[in-house]
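Please look over the model below and follow the text with the chain in view. We begin with one residue and its contacts, then widen the view.

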Amino acid sequence: MTFIDPHVHFFALSKGNYGWLKSHNPPYWPDKAAIARCTSEQSLIVASNREIAGFVHIEAGFDNARPWREIHYLNAHCHLPFKSIACIDLTSPGVYGHIDYLARLPSVIGLRHILDGEATDLLSHPKVKHVVRYMSERGLLFEAQFDINSNSATAALLNCIDCIPSLTVIINHAASGGLNLVNSNTLKGWQANILALGNATRVGMKLSGWEMQDRNWTLPAANRVFQFLFEHVEHDKLMLASNYPLCQWRLPYHTLWQAYKRLVSQLPVSSQQGLLAENARRWYKIAAK
């Protein structure tokens, strides 16, 4: 069964800036050098044993001040069916012009501002809410990356969703926050926030980014998280994804997707197809080849 990967990053190191990949800049990961190398659509195809049928490229710091440069690069070099999530600075004075420009580029389906620890403050700010509304009115979804273990951040995002009925949100690395939280109050908090987000309309979740929580994550620990999601969130809201090439800190790319396929084999065929490909195709409007 082929798959669509809705969370990959390509690094064209000779073309873009990628300040965050340089050793003297944060984040100061001791293993950063292992990923600070060129990746492309072709390297992704090879890593997948040619099983990948499409992908969503998530902005990777090519040029945060001029995010359309990364999109132009992708459009010139990618040939599989794909969509792109462009970088946006929700607080920039020129944010509306950037949204207008990016919305005109055919591969762009949405925008991402990495919220992380600023999620509560940003999503509660009236100007940011107006920008997010403007984004949704231009037909762009919002790619939300933040700590789902944060009750205040989750509440702020849900408030945005309630205030902007047209807004579509995709949660990045939704499942990974539940790793290594067995029988703890933190686990209960993560579960409650997942349930609240899962009950919201126009919210999808990507199950990926395990290595961002734990470089040595285990499949049994991930399986416990998957089981909760499969039981409590509608399957058509869930997408399996890789975070390529960062996922390769832990597993070869093809090995990860083989593990995903074994994991969902217990589910009805329609759910398997949804989690591996069709949900990503629908949420991100990826054309069939």
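In this predicted model, Leu 229 is in contact with Ala 175, Trp 190, Ile 194, Met 205, Leu 207 and Leu 238, leaving aside its neighbours within four places in sequence. Leu 229 also belongs to the largest nonpolar core, which has 82 residues. Phe 146, Ile 171, Leu 207, Trp 210 and Leu 229 touch the most other members of that core. Which helix gives this core its largest share? Helix H9, residues 219-232, does, with seven residues. There is also a second, separate core of 13 residues. Among its members are Ile 85, Ile 109, Ala 280 and Tyr 284.

Strand S7, residues 203-207, pairs with S8 in the parallel sense over three bridges. Met 205 stands opposite Leu 238 in S8. Both of these residues are also in the contact list of Leu 229.

Next comes helix H5, residues 126-137. How far does H5 reach from its first C-alpha to its last? Its 12 residues reach 17 Å, close to the 16 Å expected at 1.5 Å a residue. Val 128, Val 131, Val 132, Met 135 and Ser 136 are buried in H5. They cover an arc of only 140° around the axis, which puts them on the same side of H5. The face turned away from that buried side carries the exposed residues Pro 126 and Glu 137. What covers the buried residues of H5? The cover includes helix H3 (95-103), strand S4 (108-114), helix H4 (119-124) and strand S5 (141-145). After H5 comes Gly 139, whose phi is positive, near 85°.

| Item | Feature | Angle |
|---|---|---|
| Pro 26 to Pro 27 | cis peptide bond | omega near 0° |
| Tyr 244 to Pro 245 | cis peptide bond | omega near 5° |
| Asn 49 | positive phi, not a glycine | phi near 55° |
| His 173 | positive phi, not a glycine | phi about 50° |

Where do these residues sit? Pro 27 is in the loop between S1 and helix H1 (41-47). Asn 49 lies in the loop between H1 and strand S2 (52-58). His 173 is in the loop between strand S6 (169-171) and helix H7 (185-199). Pro 245 lies in the loop between S8 and helix H10 (253-264).

Is His 173 buried or exposed? A residue counts as buried under 20% relative accessible area. His 173 has 11% relative accessibility, so it counts as buried.

Methods: Residues numbered from 1 in each chain as written. Predicted model: local features only at pLDDT ≥ 70, side-chain atom pairs only at ≥ 80, totals over all residues. Heavy atoms only, no water. Pairing = 2+ DSSP bridges. Helix = DSSP H or I, 4+ residues; strand = E, 2+ residues; numbered from the N terminus. Core = buried A, V, L, I, M, F, W, Y, C linked by side-chain atoms within 4.5 Å. Buried < 20%, exposed > 50% of the residue type's maximum accessible area, 1.4 Å probe, protein only. Contact = heavy atoms within 4.5 Å. Expected span 1.5 Å × (residues − 1). Arc of directions from axis to C-beta.
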